[in-house]
Amino acid sequence: MQTLKITFPLIAILFCFQLNGQIPDSIPAPVLDFYGSGVYANQINDRAPVETKQFGQLNGIWYCTGTMPDPLGKVDKVTYTAFWAWKYILDGYGVQDFWFQGKNEFLYWNYFKRDMMLTQLRVYDTKEKIWKVAFINNNAGEVPGRMFGTFTAQEQAEGVVMDFMPRDTTNMNRIIFFDITEESFEWRVENSKDSGETWKVMSTISAKRMK
């Protein structure tokens, strides 16, 4: 694992972020390339499971402001921005999303002088009545953290809840999409050290629709 040797102040990087929550005027080219014309991106198949709309309702392009634990441990939380595009795929039976974070929007990517990109494929399994989700990103072997993996997901009282697979009951993590409207949604990562008896919020995202 590569060790980061950061010599410039963290505040200098944070100064580059758009922390005021203002939606930018332009959308990065990789995000527009992923979303395409949008002609088919917002069309669910009439025969697709109705649950497909649980993630499909997010089709479009969103601007995100998030918080997460500081990877350098110098402050409690760091704040970042990113773009998140969603669309229907597989003839309207599945959903794909694309996360784009410019190299100046988060400390790690600025250090490595590259943009971070991640995509996820989501299909609702009608037999098991659960979402099957797979993800992969473009920084394998270069930074700490998961580079690819799988989730399951279900709609629950808290929102649409994604569980990491395989599940580690001594260090459980889950992702929750909640307060979803046509113009915004909230997202958070929670961690449990006691087999799900109690949960601690680790990371958050507030998303505002751009398109």
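Predicted model: local features only at pLDDT ≥ 70, side-chain atom pairs only at ≥ 80, totals over all residues.
## A buried aromatic residue

Phe185 has a relative accessible area of 0% and is therefore buried, since the term covers residues under 20% relative accessible area.

Phe185 forms an aromatic pair with Trp62, in which the ring centres are 4.9 Å apart and the planes stand at 75 degrees to each other, an arrangement called edge-to-face.

## Aromatic pairs and a cluster

Across the whole structure, a search finds 17 aromatic pairs. One of them joins Phe55 and Trp131, again edge-to-face, at 4.9 Å centre to centre and with 75 degrees between the planes. Because Phe55 lies in helix 3 (residues 53-56) while Trp131 lies in strand 5 (residues 130-137), this pair ties together parts that are 76 residues apart in sequence. Both Phe55 and Trp131 are buried.

## Charged side chains over rings

Lys87 lies over the face of Phe34, at 4.3 Å from the ring centre, and Arg188 lies over the face of Phe178, at 4.5 Å from the ring centre.

## Nonpolar residues at the surface

Which residues form a nonpolar patch on the surface? The patch consists of Leu90, Tyr93 and Val123, which together have about 250 Å² of accessible area. Tyr93 is found in the loop between strand 2 (77-89) and strand 3 (94-101), and its relative accessible area of 31% makes this residue partly exposed, a term for values that lie between 20% and 50%.

Met165, which has its place in strand 7 (residues 159-165), also counts as partly exposed, with a relative accessibility of 34%. The C-alpha atom of Met165 is separated by 7.5 Å from that of Gly149, although these residues are 16 residues apart along the chain.

Methods. Residues numbered from 1 in each chain as written. Heavy atoms only, no water. Patch = residues over 30% accessible without salt bridge, like charges linked within 9 Å, V, L, I, M, F, W, Y side chains within 5 Å. Areas by Shrake-Rupley, 256 points an atom, 1.4 Å probe, with all protein chains shown as cover. Salt bridge = Lys/Arg side-chain N within 4 Å of Asp/Glu carboxyl O. Helix = DSSP H or I, 4+ residues; strand = E, 2+ residues; numbered from the N terminus. Buried < 20%, exposed > 50% of the residue type's maximum accessible area, 1.4 Å probe, protein only. Phe/Tyr/Trp six-rings, centres within 6.5 Å; stacked < 30°, edge-to-face > 60°. Lys NZ or Arg CZ within 6 Å of the ring centre and 35° of its normal.
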